[in-house]
Amino acid sequence: MRLALAQLNPLVGDLAGNGELILAASRQAAAHGADLVLTPELSLWGYPPRDLLLRPSLIREQGAVLNQLAASLAQELPQLAVLVGMAEPSGAAPLPNLFNAVALVEAGGWRVVARKRLLPTYDVFDEQRYFCAATGPSVLELERGGRSWRLGLTICEDLWVEEELQGHRLAGADPVAELLSSRIDLLLNLSASPFGQAKVALRQSLARRAASRLACPVVYVNQVGGNDELVFDGASFVVDARGGVEAGSAVVSQLASCKEQVSCWEVNGAAPATSLPVAPLPTENEQLFRALVLGVADYARKCGFSSAVLGLSGGIDSALVAVIAAAALGGERVQALMMPSPWSSAGSLNDAQALAARLGLGSHTAEIAALMASFDTTLTPVLAGPPGGLSAENLQSRIRGTLLMAVANQQGQLLLSTGNKSELAVGYCTLYGDMNGGLAVIGDLYKTSVFELCAWLDSAAAGPCRSELGLPGDGELVGRAIRDKPPSAELRPDQLDSDSLPDYAVLDPILKAYIEELASPEQLIARGIPAELAERVMQLLRRAEFKRRQAPPLLKIGGRAFGSGWRMPIAAR
């Protein structure tokens with residue numbers, strides 16, 4: 001039996017459009033002789049659909065789309081069967097009253113063949129708000145190739161049952177163990193697993209362990225694309241049945257990272273001409289860069305933007321965002337606005353202009369000195385003197401934020417915010433100023449990670465990736481002048497970030513402990529962090545909660561990102 005792994009990029013809530021996407025993938029699969037097409041979790045809805053699942057009209061539309069898909073298969077592809085992720089009404093009155101389910105769609109109609117057992121509520125997930133858990137395993141018997149196949153069906157989290165490998169697991173059933181007595185020929189996992197650094201290797205380890213336990217191959221199909229703050233990297237694969245991690249089971253088919261793709265594989269492990277060779281996955285820096293590019297490209301496309309604007313300061317954060325935006329949208333569709341003040345260095349302005357030229361960005365310069373003077377004049381009677389100190393610094397940021405919003409409004413562009421996670425964590429950012437924007441591109445990237453990613457982008461190792469994404473393939477991209485510059489907001493003479501914050505090499509590990517591990521100051525002090533520093537950073541983190549609540553959505557690329565995965569109260573002790 002030949003399977004087609006359809007790594008799709010759905011638009012959340014567009015049931016009819018996603019049905020057409022599934023049909024197009026089915027046509028492609030049939031052209032390569034596929035018998036069964038596998039699509040990702042909730043492929044008809046896009047993941048995560050969130051409160052769209054609560055709309056009865058969409059539940060009704062879902063049935064019509066499935067009927068239409070079955071009718072199209074009957075007319076065009078009568079020999080093909082397709083597994084489609086859908087939301088099945090449970091028939092129960094109390095909420096939640098849906099199953100996260102899989103339908104088998106064929107020429108004769110469609111029927112539900114699997115329901116999800118484990119419903120995640122950690123991090124960004126909130127599935128128990130919408131779904132009830134299935135009570136038993138799902139096995140599909142399918143006649144193909146002159147024999148009957150027993151296919152074990154699992155949905156995303158149902159594979160994540162190895163606490164030893166993943167560090168934690170949901171309480172409840174072990175859907176892999178439940179399939180042991182069924183003696184299945186193949187385990188299928190339909191997923192919508194967001195990107196995370198080192199996550200591809202973890203998924204493959206979980207699949208290898210399942211292959212060892214069940215003595216059968218495991219086929220893992222993942223969603224691809226950006227949906228709000230989540231980026232799905234695809235990277236679907238097949239693991240053979242030689243055994244578990246220790247026995248050396250191998251990935252025998254590997255789909256691309258961060259790209260839509262349909263690829264076929266034979267259940268018996270033979271690699272037909274329609275299969276792609278198993279190539280090594282990109283390095284972690286390349287995976288990270290591709291995920292950020294995909295996140296920006298899809299956020300813009302799915303929200304109806306064809307171009308973007310950002311403030312380009314000559315610093316490393318805005319430089320990285322400019323590179324990502326140029327790769328995502330094309331340099332000609334990205335506008336850079338330089339807004340120097342009397343405190344901006346000539347070097348920063350020159351560096352910004354040189355970067356814009358390397359990337360082929362449209363660029364303009366808008367001096368803000370006159371606007372600063374106008375604010376001083378207007379506020380002097382109110383404040384009994386001109387604004388000074390932090391108020392004056394924040395006014396510069398808010399002037400720039402206002403100019404950027406005006407340009408974005410006038411030209412129908414997506415405004416990209418350029419702040420990093422370290423700044424967002426400690427509140428080293430200005431509400432209604434540099435925090436303005438529709439998307440915070442690197443809001444889940446610590447400052448030290450920004451430096452690391454930019455160093456990789458400027459290395460020869462990044463050349464092939466840069467060329468593929470339409471960026472200059474040779475020479476420095478960000479540039480050593482920007483990478484070696486001490487971080488500074490340039491809001492007063494000779495200002496450096498280190499005047500207000502610990503060095504980022506010191507600060508970022510403390511922030512990671514507080515944010516990723518939810519450590520306490522006492523735990524950090526026990527690790528050797530000076531008590532005054534541990535307490536100071538914790539205070540900064542707590543005090544900035546109100547700012548983060550008003551920040552634009554950010555692209556999640558780490559284990560615990562601000563936004564839907566970080567639900568801290570503002571008024572708290």
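User: What should I know before we start?

Analyst: Numbering runs from 1 along each chain as its sequence is written, and side-chain values use heavy atoms, leaving out hydrogens and water. In this predicted model, local features need pLDDT of at least 70 and side-chain atom pairs count only at pLDDT 80 or more, while totals for chains, interfaces and linings use all residues.

User: Why is Q396 called buried?

Analyst: Buried means under 20% relative accessible area, exposed over 50%, and partly exposed in between, using a 1.4 Å probe and protein chains only. Q396 has a relative accessible area of 3%, so it counts as buried.

User: Where is Q396, and what does Q396 touch?

Analyst: Q396 is in helix 10 (residues 389–411); helices here are DSSP runs (H or I, at least four residues), numbered from the N terminus. Leaving aside residues up to four places away in sequence, Q396 touches S341, W343, I368, M372, E490 and L491. Contact means heavy atoms within 4.5 Å.

User: How do you know that the span of helix 17 is close to the expected one?

Analyst: The expected span is 1.5 Å times one less than the number of residues. Helix 17 (residues 531–543) has 13 residues, and from first C-alpha to last it reaches 18 Å, close to the expected 18 Å.

User: Which residues of helix 17 are buried, and what makes them line one face?

Analyst: They are L533, A534, V537, M538 and L541. Looking down the axis of helix 17, the buried residues fall within an arc of 130°, so they line one face. That arc is taken from the directions from the helix axis to the C-beta atoms. Exposed E532 and R543 sit on the face turned away from the buried side. The cover over the buried residues includes helix 11 (421–426) and helix 15 (504–516).

User: Why is helix 5 called largely enclosed?

Analyst: Because 12 of its 16 residues are buried, helix 5 is largely enclosed by the rest of the structure. Among the buried ones are K199, V200 and R203. Helix 5 is followed by A215, whose phi is positive, near 55°.

User: Which residues lie nearest the centre of the second largest pocket, and how does its lining divide?

Analyst: Of its 33 lining residues, G196, Q197, K199, G558 and G559 lie nearest the centre. The lining divides into 13 nonpolar, 9 polar and 11 charged. Asp, Glu, Lys and Arg count as charged; Ala, Val, Leu, Ile, Met, Phe, Trp, Tyr, Cys and Pro as nonpolar; the others, Gly among them, as polar. On a 1 Å grid over the protein atoms alone, a pocket is an open set of points where a 1.4 Å probe fits, with protein on both sides within 12 Å along at least five of seven lines, and lining residues have an atom within 4 Å of a point.

Technical notes: Helix = DSSP H or I, 4+ residues; strand = E, 2+ residues; numbered from the N terminus.
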